[in-house]
Amino acid sequence: MTSLRVGDSATIGVAGLDELIAALSADGYEVVGPVVRDAAIVPGAVSSAADLPTGWHDEHAPGSYRLRDDGDEAIFGWAVGPGSYKGELFPARESIWTGRRNGSTIEITEAVDTRAAIAIVGARPCELAGLEMLDRVLLGGAAVDGVYAGRRERAFVVVAECAAPSATCFCTSMGTGPGVLPAGTTPVTLRPGGVDVLPRFDLALTELAAGAPRSRRTAGAPEWDEGSLHGDARRAGAHRFLVTVGSERGASALGAVDHVPASTEDHDARDALIARASAGMGRLLDTDGLASLLARNAEHPRWEEVAQRCLSCGNCTTVCPTCFCTDVGDVTDLVGTLERRRRWSSCFDLDHSFLHGGPVRASAASRYRQWATHKLSTWHEQFGSSGCVGCGRCITWCPVGIDITEEVAAIRASEPGARPLATVPSAIGERAQPARSDGGSP
Amino acid sequence: MTVPREEAGRAPRRAPGGGADGRAARDALTPALYVVSRRRIEADGVVTVVLDPMVGEPAAWLPGQFAMLTAFGVGEVAISMSGVPGDGGGLRHTIRDVGAVTHALCGTPVGSPVGVRGAFGIPWGVEELADTDVVVVAGGIGLAPVRGAIYVLAGRSGGGRLSVAVGARSPEQVIFADDLRAWRESGAEVELTVDAAPPGWRGSVGLVTTALSRLAFDPRRAAALVCGPEIMMRLVARHLVDQGLDPDRIRVSLERNMQCGVGLCGHCQLGPFLLCRDGPVRPFAGVAGVLAERER
Amino acid sequence: MIEDLAGLVERHPLFRGLPGGVAELVAGCAHNVAFSPGELILAEGGAADAFYLVRRGRVTLEVHAAGRGPLVVETLDPGAVLGLSWLFPPYRWNLDARALDPVGAIAVDSSCLRHKAEADAAFGYQLMKRLSAVLVERLEATRYRLLDLYGHDRSP
């Protein structure tokens with residue numbers, strides 16, 4: 001086999017995916033990927049392709065998430081789960097240093113990261129975009145988060161492009177998916193703020209021709225139509241993956257797995273899937289002038305209105321792939337051990353803005369306003385991009401179903417000269433229907 | 001099959017002080033050890049501590065910056081530098097006892113350890129004001145972060161004049177009385193006023209803006225440093241702008257909840273600014289908008 | 001002499017910049033006065049027969065309280081207007097005012113000036129505008145002091 005280079009594509013079967021996972025594991029990576037646990041698809045240990053959520057599909061709606069086992073062969077026939085790979089690289093809880101009193105001094109020992117290098121198999125393009133945003137936050141400033149830097153540098157990332165967006169997805173509005181690359185382009189190295197970061201991914205997979213479901217119809221399952229993951233099985237045959245190389249170590253990994261050069265049909269099938277997924281977004285967010293829209297509407301009555309519903313539970317910040325706020329605090333015990341710990345926190349915490357005896361943001365309205373404005377507006381000034389990847393998790397996992405796209409649209413609509421957004425799903429749970437004009441593609 | 005851990009020609013990036021094998025360390029977040037070498041009670045509940053490093057030289061700092069001070073076993077808090085650059089000795093901080101950590105720091109005995117991270121943040125930038133007339137308005141504990149800057153301004157040999165207005169709650173709560181005297185003696189105009197006074201006080205009673213009105217400065221040429229409670233900084237900045245000062249030449253020192261001090265934890269946000277790295281000092285023109293946003 | 005007085009009135013911040021006739025009008029009701037340090041200028045409950053344009057020295061506004069001594073609520077600087085309750089019935093002072101330094105001032109007969117303001121509406125309006133500005137500034141400053149900004153309460 002000729003050696004692969006960055007930008008090359010090849011096709012592997014499901015067995016090839018298995019080989020890849022085994023090889024990464026054999027090389028010392030801790031392989032993590034999507035697994036079904038507690039009725040959700042979450043990051044977990046993966047030892048073979050059999051651990052992946054084959055046949056599982058998800059249904060999202062504001063405040064609702066259900067998994068369905070259709071028994072088909074699709075490994076990646078779902079959108080996103082509540083967790084993201086942020087948690088593997090940016091731990092939810094960690095020790096920063098421990099100390100011990102010794103006479104009149106303190107002996108401080110910095111915590112070291114002992115976790116092996118991670119190989120992520122099956123991150124979504126929106127999650128990759130989320131990691132890139134975290135790179136700007138945690139690596140782009142004067143102080144670098146050392147643990148995140150090390151884990152991110154060593155992490156082997158296999159992205160699984162998205163063919164089954166959910167009713168709450170809006171990655172196309174944020175430019176983060178559903179494909180990881182526009183058709184026909186090669187990966188580029190990002191240089192935000194002058195920081196040299198990793199290439200975007202090591203390998204990108206697109207699942208093709210996942211085969212007909214064993215039972216054509218399970219209760220409540222939608223029909224699989226022509227352009228879908230299953231529909232094109234009739235045209236193209238075997239269940240397989242188009243793999244794009246994003247880095248030299250990705251090239252090396254793919255080169256050692258059983259693969260054939262990707263055909264034109266494979267590329268066309270991939271492009272069609274991505275196009276269909278793009279048209280099938282559950283929601284849209286109009287980002288035109290969004291940063292200044294929110295900046296000039298700090299007193300908009302909508303903030304009080306959403307506060308009537310918002311529980312300030314912080315679920316949205318917990319599931320968000322870009323939220324990065326942490327609490328830093330010291331603990332001690334009766335024998336004088338000292339430890340400084342860091343853990344994920346949320347701007348919805350009442351204590352998040354504690355200053356001189358009370359919180360600056362006491363009301364739910366001001367806390368919701370802070371979250372939405374930070375994510376969609378001030379993030380631009382702080383880190384040079386939007387902070388939202390359009391994954392829709394905050395909508396799905398909000399217990400009262402607050403939809404950030406709807407809140408923004410409501411504020412935009414009450415500005416003078418408002419124009420309605422072209423296609424916005426009107427019913428909760430309704431999947432936006434793709435335009436029928438592409439039904440004729442071969 | 002070998003999958004290289006790192007790509008050829010690309011060395012793993014390590015945090016400063018990181019160990020071998022790509023294992024990363026954390027020294028921006030680890031305190032250096034200092035000891036309290038001197039303590040002084042400035043007023044009821046206000047203590048100045050001077051910290052000397054256990055090893056090596058004290059951290060470099062400029063007036064307006066802050067350090068994260070650790071009271072071991074209690075916690076860590078952001079405190080402004082209140083010393084004067086070049087006066088030798090350790091790091092000086094004037095601390096108001098308002099919570100568990102500040103209480104512990106105010107009570108730390110001479111010789112006991114204190115952790116220090118920093119100095120962090122954007123300073124007052126007095127170096128750029130060599131020939132400018134400067135008005136400094138400070139209220140309450142706000143005199144501490146600006147003390148070093150006032151000494152630098154008072155010691156300038158150029159043509160710039162220095163005027164200082166100080167507000168305090170009452171005469172007993174005036175801090176740095178000897179510094180006020182020293183500044184007057186160096187030729188600066190210094191006016192003090194208090195909100196309320198017991199009998200026998202022969203100074204002024206009134207809002208700090210009345211002390212400000214007694215200073216002689218040309219608003220069209222002057223720059224201003226304003227430091228104190230946020231309400232006070234807003235009203236003083238408005239007052240200065242009404243008098244004709246350019247809002248871009250009025251610098252304020254802003255404060256929010258600070259935990260990491262280095263731009264990673266997200267707590268100190270004020271609108272688009274992360275105050276630990278985009279502040280605490282900012283020109284008033286650029287923050288007037290966020291300061292006007294009503295939080296509730 | 002009235003001319004010297006008019007010049008002094010014209011230079012006082014309360015009347016500075018107003019047309020020349022105003023200073024003469026006011027001077028016709030005025031005369032120069034001086035107070036020694038510690039001397040009581042206005043007494044709480046006293047008749048507000050004259051108010052003062054302070055030219056030199058500081059004046060403290062006070063409330064006397066048994067066992068607590070005089071409580072200073074404000075210090076007025078040179079250039080201030082001392083006394084505002086002469087504008088309205090019952091024309092009585094509500095605070096004490098005491099000279100802190102040697103004080104030089106222009107005393108203006110309240111009743112005389114009130115009559116002139118009634119008779120000359122244009123002058124009356126100018127006078128009210130200037131005095132209202134003083135009132136608003138003092139009210140705002142007082143309200144901010146009520147917040148006890150430097151106290152140990154929560155901020156901002």
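User: What scores does the model have for ipTM and pTM?
Analyst: The predicted model has an ipTM of 0.86 and a pTM of 0.85.

User: And what does chain C average in pLDDT?
Analyst: The average pLDDT of chain C is 92, and 95% of its residues score at least 70.

User: Which elements of chain C have the lowest and the highest mean pLDDT?
Analyst: The lowest mean, 85, belongs to helix 1 of chain C, residues 2–11. The highest, 98, belongs to strand 6 of chain C, residues 81–82.

User: Staying with chain C, where is Trp93(C) found?
Analyst: Trp93(C) lies in the loop that runs between strand 6 and strand 7 of chain C, the latter being residues 96–99.

User: Is Trp93(C) buried or exposed?
Analyst: Trp93(C) is buried, because 21 other C-beta atoms lie within 10 Å and the cut-off for a buried residue is 20 or more.

User: Which residues is Trp93(C) in contact with, leaving aside its neighbours within four places in sequence?
Analyst: With those neighbours set aside, the contacts of Trp93(C) are Leu42(C), Ala43(C), Glu44(C), Gly45(C), Gly46(C), Ala48(C), Gly83(C) and Ser85(C). For Leu42(C), the separation from Trp93(C) is 51 residues in sequence and 7.1 Å in space, C-alpha to C-alpha.

User: Moving to chain B, how many helices and strands are there?
Analyst: Chain B contains seven helices and 15 strands. Of its 296 residues, 55% are buried.

User: What share of the contacts in chain B comes from residues 24 or more positions apart?
Analyst: Among contacts in chain B with a separation of 6 or more, 68% are between residues 24 or more positions apart.

User: Which domains does the assignment give for chain B?
Analyst: Domain 1 of chain B covers 29–120 and domain 2 of chain B covers 126–253, according to the domain assignment. Their centres, taken over C-alpha atoms, are separated by 24 Å.

User: How many residues of these two domains are in contact?
Analyst: In chain B, 14 residues of domain 1 are in contact with 13 residues of domain 2. On the side of domain 1 of chain B that touches domain 2, strand 1 (32–43) and strand 5 of chain B each supply at least two residues. By class, that side of domain 1 of chain B has six nonpolar, five polar and three charged residues.

User: Why is strand 5 of chain B described as largely enclosed?
Analyst: All six of the six residues in strand 5 of chain B, residues 91–96, are buried, so the strand is largely enclosed by the rest of the structure. Leu91(B), His93(B) and Ile95(B) point one way, while Arg92(B), Thr94(B) and Arg96(B) point the other way, and all are buried.

User: Which strand pairs with strand 5 of chain B, and in what sense?
Analyst: Strand 2 of chain B, residues 46–53, pairs with strand 5 of chain B in the antiparallel sense over six bridges. Within strand 5 of chain B, Arg92(B) has Val50(B) opposite.

User: What about strand 8 of chain B; how many of its residues are buried?
Analyst: Seven of the seven residues of strand 8 of chain B, residues 162–168, are buried, so this strand is largely enclosed by the rest of the structure. Leu162(B), Val164(B), Val166(B) and Ala168(B) point one way, and Ser163(B), Ala165(B) and Gly167(B) the other.

User: Do strand 7 and strand 8 of chain B run parallel or antiparallel?
Analyst: Strand 7 of chain B, residues 134–139, and strand 8 of chain B run parallel and are joined by six bridges. Val137(B) stands opposite Ala165(B) in strand 8 of chain B.

User: How many residues does the contact take from chain B and from chain A?
Analyst: The contact takes 50 residues from chain B and 57 residues from chain A. The side of chain B that touches chain A divides into 22 nonpolar, 15 polar and 13 charged residues.

How values were computed: Residues numbered from 1 in each chain as written. Chains lettered and ligands numbered in written order. Predicted model: local features only at pLDDT ≥ 70, side-chain atom pairs only at ≥ 80, totals over all residues. pLDDT = per-residue confidence, 0-100. Helix = DSSP H or I, 4+ residues; strand = E, 2+ residues; numbered from the N terminus. Contact = placed C-beta atoms within 7 Å. Nonpolar A, V, L, I, M, F, W, Y, C, P; charged D, E, K, R; others polar. Buried ≥ 20, exposed ≤ 12 C-beta atoms within 10 Å, placed from the backbone. Pairing = 2+ DSSP bridges. Domains from an automatic or database assignment.
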